[in-house]
Amino acid sequence: MNHPAPVEVTYKNMRFLITHNPTNATLNRFIEDWPSDGGAPPSNQIVDDCLSFVKIKVREDPGCCIAIHCVAGLGRAPVLVALALIEGGMKCEDAIQFIRQKRHGAFNSKQLLYLEKYRPKMWLRFKDSNGHRNNCCIQ
């Protein structure tokens, strides 16, 4: 199978690398592994785990690049990155277009429908000391 090259997606203080399956030589660079069914939207648990991980990593290591993979790098990985962008304040349509500009062929119809119905939980937007929403990922 011919896989597309990995692409970097940057938004505010978040950086992601969308890639296809790691090889045995690169597997040790991947910290977490959240298996899910191919072609399907992620489970609520995977979404929560991933967004929690992103929030922690961005706070602990500003500017770090978080690699997210799936078999072809066109479905599950782009969905998780899109969710992080949406949680960071980007509109769903903009997140989809932004990722597709870099990762042609990203998302299938089920995943697009899932993203369109997704309601942000404000995981990656924080309140400042006055109680106002801050679009920055790090305080």
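Analyst: Helices (H or I, at least four residues) and strands (E, at least two) are DSSP runs, numbered from the N terminus; two strands pair if DSSP finds at least two bridges between them. This is a predicted model, in which local features need pLDDT of at least 70 and side-chain atom pairs count only at pLDDT 80 or more, while totals for chains, interfaces and linings use all residues. Residues are numbered from 1 along each chain as its sequence is written, and side-chain values use heavy atoms, leaving out hydrogens and water.

User: What makes strand 2 and strand 3 a pair?

Analyst: The definition asks for at least two bridges. Strand 2 (residues 14-19) and strand 3 have five, in the parallel sense, so they pair by that definition. One of the bridges joins Arg15 to Cys65 in strand 3.

User: What is the order of the strands in the open sheet, and why are strand 1 and strand 3 said to stand at the edges?

Analyst: The three strands follow the order 1-2-3, with mixed pairing. Strand 1 (7-11) and strand 3 (65-69) each have a single partner strand, so one side of each lacks a neighbour in the sheet.

User: Why is helix 2 called mostly covered?

Analyst: Buried means under 20% relative accessible area, exposed over 50%, and partly exposed in between (1.4 Å probe, protein chains only). In helix 2 (residues 76-87), 11 of the 12 residues are buried, among them Leu80 and Ile86.

User: Which residue with a positive phi follows helix 2?

Analyst: Gly89 follows helix 2, and its phi is near 115°.

Technical notes
Contact means heavy atoms within 4.5 Å. Axes are lines fitted to C-alpha atoms, for helices over the stretch in contact, and angles run from 0 to 180 degrees between N-to-C directions.
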